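User: I'd like to talk through this model with you, going from one topic to the next. Could you put it up first?

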Number of protein chains: 2
Amino acid sequence: MNEASVNLEEAGISEGIAEVIVTTRSDAGKPHAAPIGIITGINEEEIKYFVKLYKGSRTLANVLETNTLAANVTDDVVVFVKAAFEKLNENYFTSFAEMPVLKEANAWIVFTTALTVESSEYFRFQLTSTAVKVNRKEVKAINRGRNAMIEATILATRFEITKDEQGREEMRKEMERYADIVKKCGGRREKEAMRILQKKCPFR
Amino acid sequence: MNEASVNLEEAGISEGIAEVIVTTRSDAGKPHAAPIGIITGINEEEIKYFVKLYKGSRTLANVLETNTLAANVTDDVVVFVKAAFEKLNENYFTSFAEMPVLKEANAWIVFTTALTVESSEYFRFQLTSTAVKVNRKEVKAINRGRNAMIEATILATRFEITKDEQGREEMRKEMERYADIVKKCGGRREKEAMRILQKKCPFR
């Protein structure tokens, strides 16, 4: 059986781009976490998984050393913000299939990576799952505050590398809109995530 | 025990505003479905649930007749769009605790309603859960396309009632952004939902 065709939907990775926390380790064993999208491509009944890793990122450096990464499925927006803007400390991690993973994630998928494309900005890898664990299943209604926090986090990472003032001004307005949605629709976790984000990336 | 304090988190209704499909029936028994937010208020350890129902809506008319509504927890964006812009046909419904509910929902919560506020635009009701059923638990990664479809659906309902051209122009731009996210990050279900939305509310 071709490992690449294992369907990971049961573990939360479905069609399109699944936003997860990717954990990796350096050759020396140091863990790292970053929010990254896992791309699911389906054609002729075959399912393939990919990831784009940007040059200069710690995740890419680790993957080039170890040919391995783990996808941590979670909808905890605090973890998304922290993984995007600070180093997660050791307490967040545990070990699964010899890889560092996030203790609180709902599912873990360990992949081996095969380089398929190298562009000027990123490397693209095809992913083959080698170990899967579902820790927790739940039912959860859609929350617009949760969604807005994810968009706000992505926007903030772009704000930091945007230089022109007009672009920044538009981003500030967009961020205000997300902050309003979090305030109106989010729970305590979303509001805490927004506070952390506004401290890390003050949008001034 | 005060029914109003039953914690519905296990059934997917958590802090902030939970976006669900509210199903109701008329006195004569005719089912109706609409996307609506269930508001969870927490103070001093007490949890209360509320809903705002807008004047002129079929949901409000039914609730005034029957003092009952059901919250259907789902993340199927096709159902959100259809419930917002067309009448769901009978095949979508089944029955739970004498209420029409959506067959495919992950959880059902039946509430009785007590009017607490009447404003010029809406009625606000406090909700007391009388029956709860969890049909399906799962693990699912965050998908930006799913989130963007929800925002696009809300935007489309507003577009229809916005008259000034500048407001409409801004909404068109926002809708384009959502369509791009759905195209890039969504799965087939999100793409189908966007096709339906663009047919129902052409944004011209």
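**Strands, domains and the chain pair**

Analyst: In this predicted model, A:Thr23 has A:Ala70 as its bridge partner in β4(A), while in β2(A) the residue standing opposite A:Thr23 is A:Ala33.

User: How many bridges join β1(A) to β4(A), and in what sense do they run?

Analyst: β1(A) is joined to strand β4 of chain A, residues 68-73, by 3 bridges, and the two run antiparallel. With β2(A), the pairing of β1(A) is also antiparallel, and it extends over 10 bridges.

User: What lies between β1(A) and β2(A)?

Analyst: The two strands form a hairpin with 5 residues between them, and in its turn A:Gly29 has a positive phi of about 100 degrees.

User: Is β1(A) mostly covered or mostly open?

Analyst: β1(A) is mostly covered, with 10 of its 10 residues buried.

User: Switching to domains: which ones does chain A have?

Analyst: The domain assignment of chain A gives domain 1, covering 3-134, and domain 2, covering 144-200. Taken over C-alpha atoms, the centres of these two domains of chain A are separated by 24 Å. Their contact takes 12 residues from domain 1 of chain A and 12 residues from domain 2 of chain A.

User: Where does the largest share on the domain 1 side come from?

Analyst: On the side of domain 1 of chain A that touches domain 2 of chain A, the largest share is 7 residues from helix α2 of chain A, residues 77-85. By class, that side of domain 1 of chain A has 7 nonpolar residues, 5 charged residues and no polar ones.

User: And which residues of α2(A) are buried, and what covers them?

Analyst: The buried residues of α2(A) are A:Val77, A:Val79, A:Phe80, A:Val81, A:Lys82 and A:Ala83. Their cover includes the strands β1, β2 and β6 of chain A, together with α3 (144-159) and α5 (188-200) of chain A.

User: Now the two chains: how does chain A superpose on chain B?

Analyst: Chain A is superposed on chain B by a rotation of 180 degrees with 0.0 Å of shift along its axis, at an RMSD of 0.0 Å, which is the relation of a two-fold axis. The same surface serves both copies, since 100% of the contact residues of chain A recur in chain B.

User: How many residues are in contact, and which elements give two or more on the chain A side?

Analyst: In this contact, 33 residues of chain A meet 33 residues of chain B. The elements of chain A that give two or more residues to the side touching chain B are β1, α3, α4 (165-185) and α5, and the largest share, 5 residues, comes from β1(A). By class, the residues on that side of chain A divide into 13 nonpolar, 9 polar and 11 charged.

Note on methods:
Residues are numbered from 1 along each chain as its sequence is written. Chains are lettered from A and ligands numbered from 1 in the order in which they are written. This is a predicted model: local features need pLDDT of at least 70, side-chain atom pairs count only at pLDDT 80 or more; totals for chains, interfaces and linings use all residues. Domain bounds come from an automatic or database domain assignment. Two residues are in contact if their C-beta atoms, placed from the backbone, lie within 7 Å. Helices (H or I, at least four residues) and strands (E, at least two) are DSSP runs, numbered from the N terminus. Ala, Val, Leu, Ile, Met, Phe, Trp, Tyr, Cys and Pro count as nonpolar, Asp, Glu, Lys and Arg as charged, and the others, Gly among them, as polar. A residue is buried if 20 or more other C-beta atoms lie within 10 Å of its own, exposed if 12 or fewer, and partly exposed in between; C-beta atoms are placed from the backbone. Copies are superposed by least squares on the C-alpha atoms of residues with pLDDT of at least 70 in both. Two strands pair if DSSP finds at least two bridges between them.
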